[in-house]
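Have the 3D view open while you read.

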Amino acid sequence: MANLNFSIDLPVRSEWENVDRLRTSIQNCFTAVFSDFAGCQSLAMVTGELVENAIKYGDWSSADDRRFRLRVWGEGRSAHVLVENPVQHGTGHAAEVLNTLGWMRNFRSPIEAYRAKLLEIAGGDREGGNSKLGLVRIAYEGNCLLTAELVRGVLLVEADLTV
Amino acid sequence: MQSLIVGDLRIEAMEDGVHPAVQLLWKGKSNNRYPGDVLAPYFRDVLTTADTRKVPLELHFEKLEHFNSSTITSIIQLIQDSRARGVKLILIYDHALKWQKLSFDALRVFAKDAMLELRAA
């Protein structure tokens, strides 16, 4: 990708249809700016997986205005995707995200972690729908560094990509 | 053999007298929230067909634009089920598409015998 600065910051309604809207929008927007189609696809995949997690596991039970925050920005050769969503206290999702990121650090490379996760799913060690495969995929296919933190009931997950 | 259309995903079942396989052509995007709900019963049917006819099951992903990680989980389940039933599974992808190359190269972790073949088109 060229060395261009960009920034998108959106309060997104928590509706499943928005996953693909955002994923394809990111892909189309950045393909319009950059010539690296595969890199834009990676950025779009990363966005899609993080948005899926926010909608699936966010706490949308009490909020009148069910929205999460999506930020996508970049400078130089770096791109970043940050998703912020409320999580229900005690449901374990935030802990699972943090645990998964810690688990990934036990591997020498993202591909090793990804293969291990595939085998874990095949072995039926975890419920398929809650395997956190998406996070491991982001690290592997998106070549991203993932970080997460829980701040006053809001989970922030950030993927940093060098392009 | 029936085709499957669900949301943005279309799986076309192809059969001809020449090609000795049940062929499934994936098109569009697999972005369903719970893809397993529709893919699992569909895969059961196509596995039964392939098993009855004693032919491999061949999945073509070259025309697929995107799949989410939940779809990968469904494909892993299919790999398990086809092996259990003794049906050879062939996954064909476009290695020129970076996302497909990365996704399917990783699935080679399951290619431990002749029952699973990953083929770069």
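Keep in mind that this is a predicted model. Start in chain B, where β3(B) and strand β5 (residues 64–67) pair in the parallel sense over three bridges. One spot to look for is G28(B), whose bridge partner in β5(B) is L64(B).

| Strand paired with β3(B) | Bridges | Sense |
|---|---|---|
| β2(B), residues 9–14 | six | antiparallel |
| β4(B), residues 57–60 | four | parallel |

Over at β4(B), L57(B) faces V22(B).

Now hop over to chain A. Its open sheet has five strands, in the order β1-β2-β3-β5-β4, with antiparallel pairing. Because β1 (6–13) and β4 (144–151) of chain A each have a single partner strand, they stand at the edges, with one side lacking a neighbour in the sheet. On average, neighbouring strands here are turned by 10 degrees against each other, ignoring direction.

β1(A) runs antiparallel to β2(A), residues 67–75, and eight bridges join the two. Within that pair, P11(A) has R69(A) as its bridge partner. Helix α2 (residues 37–57) of chain A packs on the sheet, and its direction makes about 10 degrees with that of β3(A). Helix α3 (residues 93–104) of chain A packs there as well, touching β4 and β5 of chain A, at about 145 degrees to the direction of β4(A).

Notes:
Residues are numbered from 1 along each chain as its sequence is written. Chains are lettered from A and ligands numbered from 1 in the order in which they are written. This is a predicted model: local features need pLDDT of at least 70, side-chain atom pairs count only at pLDDT 80 or more; totals for chains, interfaces and linings use all residues. Side-chain values use heavy atoms; hydrogens and water are left out. Two strands pair if DSSP finds at least two bridges between them. Axes are lines fitted to C-alpha atoms, for helices over the stretch in contact, and angles run from 0 to 180 degrees between N-to-C directions. Contact means heavy atoms within 4.5 Å.
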